[in-house]
Amino acid sequence: MVASPPPASLSAPVVQLAHVTKTFGDVKAVNDVSLDIQRGEFFSMLGPSGCGKTTTLRLLAGFEQPDEDGGEVRLMGEVVNRRRPYERKVAMVFQNYALFPHLSVERNVAFGLEQRKLPKAQIADRVRHALQMVRLDPDVFARRMPSQLSGGQRQRVALARALVLEPAILLLDEPLGAIDLKLRKEMQLELKALNKQLGTTFVYVTHDQEEALTMSDRIAVMDNARVAQLGTPAEIYENPRTAFVAKFIGESNFLEGQARRSGEDWQLEWAYGGCARLPAHPGLRDGNTIRIAVRPEWMDVWRPDEVPAGENAVGGTIEDVIYLGETMHVLVRVPHAGTVTVAVRNEGQLIKPLPWKRGDQAAVAWLPEDCQILEDD
Amino acid sequence: MSSRLPRWLISVTLAVYAFLHLPLLVLVAFSFNDSKFSASWVGFTLDWYYRLFQRPDIMRGLKASLIVGGASTVVSAVLGTLVALALARHRFRGRTALEGFLYVPIVTPEIVVGISLLILFALAKIPLGLTTIIIAHVAFCLSFVVIVVLARLEGMDQNLEEAAMILGADEITTFWKVTVPQLWPGILSGALLAFTMSFDDFVITSFVSGSGSSTLPIVVYGMVRRNIEPSINAISTIILLVTTALIYLADRLTREK
Amino acid sequence: MASPRQRILGWLHPRPQARAWLLVAPGTLWLLVFFLVPILIMLVYSVMPRGIYGGVDPGFTLEHYRRFFDPLYLDILQRTFVWSVACTVICLVLGYPVAYVIARAGRWKSFLLFLVVLPFWTSFLVRTFAMIFLLRDTGLINNWLVKLGVDPIAMLYTPFAVMAGLVYGFLPFMVLPIYASLEKLDLSLLEAAEVLGARPTERFRRVTLPLSMPGVVAGCLLVFIPALGSFLTSDLLGGAKQMMIGNLVQNQFSAARNWPFGSAASFIVMALVLAAVMLYLKVKDREQAKAT
């Protein structure tokens with residue numbers, strides 16, 4: 001039952017949001033958001049609660065409508081602003097599963113098919129197949145009621161109920177939120193596999209950045225009703241564009257200074273003296289104050305006089321060394337820049353311990369190209 | 001912390017419970033008493049119950065109560081559910097006013113409701129009978145149904161209706177296939193409540209019933225006023241049993257999740 | 001190509017107000033026509049002169065309200081008010097301990113609650129008759145007194161009987177709200193008080209009682225209001241001499257045939273009830289404002 005994509009132009013986005021705005025009372029829940037989602041993509045919308053990701057999803061589903069002049073929502077090329085949810089060809093999985101408590105598992109899964117008035121035999125067949133696809137044995141689970149299922153099982157039924165309709169687009173609203181960690185990781189991989197296997201476009205909402213990075217082809221990081229950055233997991237993680245993205249995804253150290261041109265190269269002058277080399281960046285202007293983000297794992301800790309040539313360095317005092325198992329975090333207090341966190345691989349503290357103690361003088365160093373020049377939020 | 005309750009407290013509580021229930025238990029007990037003057041126990045008999053069935057006024061009263069109860073329950077349940085739906089799922093102008101207004105019938109004394117309706121019917125020259133009783137009963141039961149159904153609605157997962165819609169069901173289909181099955185215990189509970197209140201009502205009914213349309217409570221009132229005999233105990237016992245059963249049912253329905 | 005159903009839904013969808021009003025209309029109309037309008041008509045009747053057959057003649061007069069300053073009617077008003085207050089106080093004294101015990105009853109809570117609620121839902125008429133059965137001259141209590149060699153006491157048709165009937169009828173209304181607010185009481189507050197050295201009575205006075213006030217106020221209201229408007233109890237248990245306003249009203253619409261006067265009396269009851277409700281709401285708002 002693999003959904004074969006129609007032969008139409010493969011480059012046309014299946015979902016398009018063009019300058020969409022949605023206001024509730026005085027508050028803009030979605031503010032001038034534009035994005036395109038490609039066929040078959042696993043697309044995530046990631047952000048803290050209140051950032052607008054769920055509202056955006058509900059705009060796609062049809063549970064909310066954009067404001068009067070609030071842009072266009074297009075599905076498969078058609079403008080659907082005013083279309084009701086039951087007139088759109090999308091399916092959805094809800095955060096709390098939303099299984100109909102008065103119907104059995106098979107009646108739940110069959111619901112959408114019954115609305116389409118398909119023949120009974122066909123419905124039974126597709127329901128069976130859908131349950132197998134989400135790895136629930138039909139013979140065991142078909143007759144059960146939702147109240148008799150565990151959280152993970154309910155989520156699978158919710159998934160089956162959506163996928164049995166062979167939708168072109170599947171919306172998922174934080175579906176793994178209520179599931180415990182180990183099962184969650186399993187289901188993340190299963191969802192990803194289903195996405196590739198079926199060719200269905202997945203639009204996924206989550207606040208868990210690890211989840212988004214694991215599963216997505218592309219991520220839209222949202223903050224305060226806007227898209228802060230849109231890109232692949234690698235782009236988001238390795239080239240965060242704003243301080244928000246750098247902070248929300250993984251960890252970052254922030255450093256501030258003035259940009260100075262020096263011949264062909266650029267330098268970052270610290271306010272208290274000293275400088276670091278900057279990679280070229282189109283936004284650099286001589287004299288501007290800029291912020292850079294450097295991820296802990298791009299940094300290293302050296303004795304002040306042992307910093308390798310070519311690397312940027314700032315001096316400081318060791319504040320703490322934290323044991324995290326796979327990595328060690330070395331916290332270094334850098335004057336005028338606060339505490340910098342450096343992530344060092346743990347090569348076995350019992351065999352090859354780190355030489356750092358609280359109070360030691362040290363230098364934190366990184367390669368010039370390993371920093372991110374941040375734009376304003 | 002000491003969690004044992006002082007003895008005097010428990011005694012007072014037991015006394016109050018006795019006060020609440022003993023009179024009724026006594027009433028029931030003496031419905032089986034084989035003596036017309038009912039003050040001391042003579043022997044066991046079901047005579048008084050048999051006599052009830054032989055009394056045309058009681059039978060007519062019962063029939064009237066059932067008709068009125070049935071009709072006013074159905075009307076209150078339907079109208080009340082619709083209002084509850086609007087209050088739970090829609091934001092609209094005049095909503096707070098309506099919510100306030102719904103509570104007024106509940107605090108209004110029964111005589112006020114009774115006589116104001118009597119005046120209305122007299123003014124509009126509507127003859128008093130079962131219809132006017134039904135109209136009156138719906139008026140005072142409606143608010144209760146709204147409250148019960150509203151409580152159930154607010155506890156209901158709103159995602160269920162959205163899930164149905166995204167699966168292709170329009171608003172009407174969603175209502176019948178998802179909302180109503182979920183709401184059903186609440187509606188039934190409200191209906192049972194309405195029926196109980198209608199079945200038991202005396203004051204309002206006494207004002208809006210004509211001479212030919214006495215409900216059971218009216219007949220019983222007449223019996224109490226005129227001539228005390230154990231048949232009254234018997235019919236009271238029956239009323240008690242019916243009411244208890246209905247309330248128990250309504251309670252179980254509101255419990256189940 | 002849209003079916004009528006689709007067209008109706010399509011029309012309704014962008015009009016949330018219309019949808020709401022459509023749902024609300026039948027019920028609201030019913031209440032307006034058969035509840036609000038009659039009361040307004042009754043209000044109008046109360047200021048019109050009495051007609052020959054007991055109805056109204058056109059005109060405007062305040063004589064029906066003025067009659068309430070007659071000692072006879074003032075008496076009735078006063079009696080109604082005093083008895084309602086007395087009933088409320090007695091219900092509070094009896095009901096609070098019961099609510100307290102239920103709130104601490106653990107497993108037995110729902111059973112005990114059900115036992116309290118049950119009489120509340122059964123026919124008021126039947127419960128009043130139960131009282132008659134006990135209190136009559138030839139009733140159960142007197143029967144036992146005679147057997148014990150004591151003279152029978154005339155209990156029926158006395159204020160005592162009416163009070164007993166009122167308390168019996170409305171006690172559950174007091175227990176439930178007090179129970180509800182005691183239930184929410186955080187036991188750790190009492191434990192903290194105990195640790196700080198407060199003895200049981202002090203703990204009750206300074207922690208439990210104040211925190212249960214909302215329930216107490218609600219309970220008092222739920223007893224006071226129906227007591228004010230009560231009719232059946234004083235009718236069956238009090239007889240002609242223990243008239244409350246409710247009986248006065250009923251009388252005007254049967255034997256005395258004075259509809260406008262009855263309307264005025266009825267309106268006075270309504271006004272007293274509304275005053276009590278407004279007072280309650282004001283107190284509740286003030287308590288809530290204090291809490292925030």
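What percentage of the contacts in chain B between residues at least 6 apart in sequence join residues at least 24 apart? The share is 79%.

**Confidence**

The model scores ipTM 0.86 and pTM 0.81. Chain A has an average pLDDT of 89, with 97% of its residues scoring at least 70. For chain C the mean pLDDT is 86. In chain C, 99% of the residues reach 70 or more.

One stretch of chain A needs care. Over residues 1-5 of chain A, pLDDT stays under 50. The model still gives that stretch eleven contacts beyond four places in sequence. Where pLDDT is low, predicted coordinates should not be read in detail.

**Chains B and C**

Chain B holds eleven helices and zero strands. Its pattern along the sequence is α-α-α-α-α-α-α-α-α-α-α. Chain C has 13 helices and zero strands. From its N terminus, the elements of chain C read α-α-α-α-α-α-α-α-α-α-α-α-α.

The table sets out values for the two chains.

| Chain | C-alpha span along principal axes | Buried residues | Contacts joining residues at least 24 apart, among those at least 6 apart in sequence |
|---|---|---|---|
| Chain B | about 70 × 70 × 30 Å | 48% of 257 residues | 79% |
| Chain C | about 70 × 65 × 40 Å | 41% of 292 residues | 67% |

What is the radius of gyration of chain C? Chain C has 25 Å. A compact globule of 292 residues would have a value near 19 Å.

**A helix pair in chain C**

Two packed helices are described by the angle between their axes and the distance between the axes. Take helix α5 (residues 109-121) of chain C and helix α8 (residues 159-183) of chain C. Their axes come within 9 Å. They cross at roughly 145°. The crossing of α5(C) and α8(C) is left-handed.

Which residues meet there? From α5(C) come L113(C), V116(C), V117(C), P119(C) and F120(C). From α8(C) come P172(C), F173(C), V175(C) and Y179(C). The contact of α5(C) with α8(C) consists of nine nonpolar residues, no polar ones and no charged ones.

**Where chain B touches chain C**

How many residues does each chain bring to the contact between chain B and chain C? Chain B gives 66 residues and chain C gives 71 residues. On the chain B side, the largest share comes from helix α1 (residues 7-30) of chain B, with twelve residues. The side of chain B that touches chain C divides into 49 nonpolar, eleven polar and six charged residues.

**Q115(A), beside chain B**

Q115(A) lies in helix α2 (residues 105-115) of chain A. Leaving aside residues up to four places away in sequence, Q115(A) touches L167(B), G168(B) and A169(B). Within chain A, Q115(A) and Y86(A) are 29 residues apart along the chain. Their C-alpha atoms are separated by 9.7 Å.

Is Q115(A) buried or partly exposed? Q115(A) counts as partly exposed because it has 19 C-beta neighbours inside 10 Å. The buried class calls for 20 or more.

Most residues other than glycine have a negative phi.

M76(A) is not a glycine, yet its phi is positive, at about 50°. M76(A) is found in the loop between β4 (72-75) and β5 (78-79) of chain A. M76(A) has 19 C-beta neighbours inside 10 Å, so it counts as partly exposed.

A225(A) is not a glycine either, and its phi is positive, at about 70°. A225(A) sits in the loop between β9 (218-223) and β10 (226-231) of chain A. Why does A225(A) count as buried? A225(A) has 22 C-beta neighbours inside 10 Å, and therefore falls in the buried class.

Technical notes: Residues numbered from 1 in each chain as written. Chains lettered and ligands numbered in written order. Predicted model: local features only at pLDDT ≥ 70, side-chain atom pairs only at ≥ 80, totals over all residues. Axes fitted to C-alpha atoms, helices over the stretch in contact; angles between N-to-C directions. Helix = DSSP H or I, 4+ residues; strand = E, 2+ residues; numbered from the N terminus. Left-handed = near helix turned anticlockwise from the far one by under 90°. Contact = placed C-beta atoms within 7 Å. Nonpolar A, V, L, I, M, F, W, Y, C, P; charged D, E, K, R; others polar. Buried ≥ 20, exposed ≤ 12 C-beta atoms within 10 Å, placed from the backbone. Rg over C-alpha atoms; globule rule 2.2 N^0.38 Å. pLDDT = per-residue confidence, 0-100.
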